[in-house]
Amino acid sequence: SYWKFARRYCYTEVNTWAETIKDDKPGATEKLQADLVDILIPCDFPEGVPDWIPVTVNCTMTKDQADIYTQLAREKKVEAQLMGRDTPLTLKSLVTLTGRLLQVASNPALVGGPFVACKWQKLMELLAEEELPCLIWVQHTLTAYAIEEMIKEHFPHFTVGIMMGATKVADRTALKKRFQAGDL
């Protein structure tokens, strides 16, 4: 849970209304890096790196994609309504539903539907315009491999690397260095 995580690395304080974070525990950064070595990608930023500027890119689902999304959401709603009032919807069901809806919003092909990749097509448009190198963060392994193929098809001169939880530390380090050098 969030608070279990917070208590491991921070001093917390509980009052009548809530629990709050007061300060980092000594050595918290090193402990966090050691605990998250499989997913943490520490890097050295050069001087003068600008602040993060979030930008929203609108990408409307196609009618087919919206229909699949709506149908899946409707099926889950019916499933929830069939449960007794005293039976809570399980966390596993909610996580599964959310994951499936995210996949359909990304591309219905990820859940066995037709290939409708409006978000992925938008990504190809952005890659043609943006300064490289860049990182593309995805939630699902299948998405990473599918987007890698799409990038190679649209931009044969690009070099693409995939890093995920299963990537060995040595390979992770090599990918990080190649990215920082502008070779990936």
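## Briefing: core, salt bridges and local contacts

The largest nonpolar core has 11 residues: Leu110, Ala117, Trp120, Leu123, Met124, Leu127, Ile147, Met150, Ile151, Phe155 and Phe158. Such a core is a set of buried Ala, Val, Leu, Ile, Met, Phe, Trp, Tyr and Cys residues joined through side-chain atoms within 4.5 Å. This is a predicted model: local features need pLDDT of at least 70, side-chain atom pairs count only at pLDDT 80 or more, and totals for chains, interfaces and linings use all residues. Residues are numbered from 1 along each chain as its sequence is written, and side-chain values use heavy atoms, leaving out hydrogens and water.

**Core and helix H5**

- Helix H5 (118–129) and helix H6 (141–154) are the elements that give two or more residues to this core. Helices are DSSP runs (H or I, at least four residues), numbered from the N terminus.
- H5 gives the most to the core, with 4 residues.
- The buried residues of H5 are Cys118, Trp120, Leu123, Met124 and Leu127. Buried means under 20% relative accessible area, exposed over 50%, and partly exposed in between (1.4 Å probe, protein chains only).
- H5 has 12 residues and reaches 17 Å from its first C-alpha to its last, close to the 16 Å expected at 1.5 Å a residue. The expected span is 1.5 Å times one less than the number of residues.
- Core residue Ala117 is in contact with Ser106 and Asn107, leaving aside neighbours within four places in sequence. Contact means heavy atoms within 4.5 Å.

**Salt bridges**

- The whole structure holds 6 salt bridges. Each is a side-chain nitrogen of Lys or Arg within 4 Å of a carboxyl oxygen of Asp or Glu.
- Asp35 pairs with Arg8, with the closest N and O atoms 2.7 Å apart. This pair links distant parts of the chain: Asp35 is in helix H2, Arg8 is in helix H1 (residues 2–9), and they are 27 residues apart.
- Asp35 is partly exposed at 35% relative accessibility. Arg8 is partly exposed at 40%.
- Glu13 and Lys22 form a salt bridge at 3.6 Å, N to O. Glu13 counts as partly exposed because its relative accessibility is 40%.
- Lys63 bridges to Asp67, with the closest N and O atoms 2.8 Å apart. The two are 4 residues apart in helix H3, so about one helical turn separates them.
- Lys63 is exposed at 62% relative accessibility, whereas Asp67 is partly exposed at 36%.

**Gln103 in helix H4**

- Gln103 sits in helix H4 (residues 91–106). Gln103 is buried, at 8% relative accessible area.
- A 2.5 Å polar contact joins the side chains of Gln103 and Arg100. A polar contact is a pair of N or O atoms within 3.5 Å; within protein, one must be able to donate a hydrogen and the other to accept it, and residues adjacent in sequence count only if both atoms are side-chain atoms.
- Not counting residues up to four places away in sequence, Gln103 touches Pro108, Leu110, Val111 and His140. Leu110 is also one of the core residues.

**Asp38 in a loop**

- Asp38 lies in the loop between helix H2 (28–35) and helix H3 (63–82). Asp38 is partly exposed, at 47% relative accessibility.
- Beyond neighbours within four places in sequence, Asp38 contacts Gly165 and Arg172.
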